[in-house]
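Dear colleague,

Please find below the structure that I am handing over to you, together with its sequence. My findings follow directly after it.

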Amino acid sequence: MTVAEPYRIKSVEPLPVPTRAEREAAIGRAGHNTFLLRSDEIYIDLLTDSGTSAMSDRQWAAMMCGDEAYSGSRSFYRLQEAVGEVYGFRHVVPAHQGRGAEHILSQIAIKPGQYVPGNMYFTTTRAHQELAGGIFADVVIDEAHDARARHPFKGNVDVAKLAALIEREGAQNIAYVNVAVTVNMAGGQPVSMANLREVRELCTRHGILLWCDATRCVENAYFIQQREEGYADRTVASILREMMACFDGCTMSGKKDALVNIGGFLAMNDETLLQRASELVVLFEGMPSYGGMAGRDMEAMAQGVREMVDDAYIAHRVHQVHHLGERLRRAGVPIVEPIGGHAVFIDAARFLPHLDQEQFPAQALAAALYLDSGVRSMERGIVSAGRDPKTSKNRRPRLELVRLTVPRRVYTDSHLDVVADSVQRLHERRHSIGGLRMTYEPPTLRFFTARFEPAGQAPA
Ligand SMILES: *Cc1c(COP(=O)(O)O)cnc(C)c1O
């Protein structure tokens, strides 16, 4: 069955295609790091689904209604109302984006030396937990670390692992449990409602707060509707409310699910936590009634939060990701399965088995894809994982992936076919793709700005 876009095009942005010579010059200048390319050098940009969504006519119209008052902005109350309606949380603390909310949560809820269990790490989340003196502990099910394991809810928390950690360290040494829905680093994999309820029950029993990284909660709600018994006839909106009811609060990057280009928030029910978060937000983000966002940004997000739970919209969004993934899978390209909600993840370890992980296979494949077709993707492997803060050795994650992330409402299936053709061409000549050597390494979040050169080349 053809699933067409539940919207039509009202405004277009021309898309020039860089020549091979231009691409060669560009990737060299960028140190073989796709983050360092200029967007003018790119044909189809699948670097991220973050802040890259196309806004609707209603969102653009709402922006004109932004109230730019320094304090008590009407737009803040609109956002608060939308978050209350869609997520069910009473209080909202706006932030400039997700990591602003993560920073505040980590600072108010972590005492140095405490553990923060989570279902797989996320880069900015863990960085803020560690900055606050916390110790991240991975409690995702084993299947999440296996690109080939097929599990309908591969993002689930391993409740036995979590219980064992609480047993070993004591509930007082757990800052809070942080559950991401979906799990980005595992390939956009969802968590089941049954699992959320079990985790909630365990946390309640031990008096531990349960926080949600709600960045892609709508995609997760859609997977529950499609895959979990008893939810097929429910709306995505009602499933999302039920999911959020399991949590004490959430951090949110509006740049993903909420269909805006910037913004985020922290939401919760507890007044004491609200007060502490409000004290910090003025220091790091802005007044509690704007937190780093303009009034117009809050208007656009309030509207986006309502549009994101439209059943036809979210079904098409996930369908488009699957269209790309299915084309690659049928061509024999190794990808993470099941296909996730926001991106297709190529298994670079199986794509380039002749490279050692220390030769950065995913980074090399992302650079090769750009050279072939001007398509930008992102490394999610050993470069993203960074170094262990204790041993300062490279962390060697089991997943060595290239992420093809589909922005919301931006590209057509034909664009995604161009991407699939290019990946397929590279797969046919995969043995000719060589490894890389890192020539510059920044101290934190190195994947953003690290530089590389072909490993065959003599060091400069
Ligand atoms: C993007 C993201 C964040 C951080 O949000 P920003 O808006 O980029 O700061 C946190 N968690 C997950 C799972 C994300 O994908």
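Phe76 has a relative accessibility of 7%, which is under the 20% limit, and therefore counts as buried. Please bear in mind throughout that this is a predicted model.

**Aromatic residues**

Across the whole structure, a search finds 8 aromatic pairs. One of them joins Phe76 and Tyr77, whose ring centres are 5.1 Å apart; because their planes stand at 70°, the pair is edge-to-face. Tyr77, with a relative accessible area of 47%, is partly exposed. Elsewhere, a single aromatic cluster is formed by Phe35, Phe447 and Phe448.

Ser289 belongs to the loop that runs between helix H10 (271-284) and helix H11 (295-307). Its relative accessible area is 8%, so Ser289 is buried. Lys255 is 34 residues away from Ser289 along the chain, and the C-alpha atoms of the two are separated by 19 Å.

**The ligand and its shell**

Which residues are closest to the ligand? They are Gly98, Arg99, Asp213, Ser253 and Lys256, out of 14 residues that surround the ligand.

- Arg99: a polar backbone atom is 2.8 Å from an oxygen atom of the ligand.
- Asp213: a polar side-chain atom lies 2.6 Å from a nitrogen atom of the ligand.
- Ser253: an N or O atom in the side chain is 2.7 Å from an oxygen atom of the ligand.

On its own, the ligand has 380 Å² of accessible area, and the protein covers 95% of this. Helix H4 (98-109) and helix H5 (123-131) are the elements that give two or more residues to the shell around the ligand. The largest share, 3 residues, comes from H4. In H5, the buried residues are Thr123, Thr124, Thr125, Arg126, His128 and Gln129. Just after H5, Gly133 adopts a positive phi of about 90°.

**Gln225 in helix H8**

Gln225 is part of helix H8, residues 217-227. How accessible is Gln225, and what does Gln225 count as? Its relative accessibility is 12%, so Gln225 counts as buried. The side chain of Gln225 makes two polar contacts that I would like to record here. One, of 3.1 Å, is with the side chain of Gln226; another, of 3.4 Å, is with the side chain of Asp311. Neighbours within four places in sequence aside, Gln225 is in contact with Tyr231, Ala232, Arg234, Thr235, Val236, Ile239 and Asp311.

With kind regards

Methods: Residues are numbered from 1 along each chain as its sequence is written. This is a predicted model: local features need pLDDT of at least 70, side-chain atom pairs count only at pLDDT 80 or more; totals for chains, interfaces and linings use all residues. Side-chain values use heavy atoms; hydrogens and water are left out. Rings of Phe, Tyr and Trp (its six-membered ring) pair if their centres lie within 6.5 Å; planes under 30 degrees apart count as stacked, over 60 as edge-to-face and the rest as tilted. Buried means under 20% relative accessible area, exposed over 50%, partly exposed in between (1.4 Å probe, protein chains only). Helices (H or I, at least four residues) and strands (E, at least two) are DSSP runs, numbered from the N terminus. A residue is near a molecule or strand if one of its heavy atoms lies within 4 Å of it. A polar contact is a pair of N or O atoms within 3.5 Å; within protein, one must be able to donate a hydrogen and the other to accept it, and residues adjacent in sequence count only if both atoms are side-chain atoms. Accessible areas come from the Shrake-Rupley method with a 1.4 Å probe; for residues, only the protein chains shown count as cover. Contact means heavy atoms within 4.5 Å.
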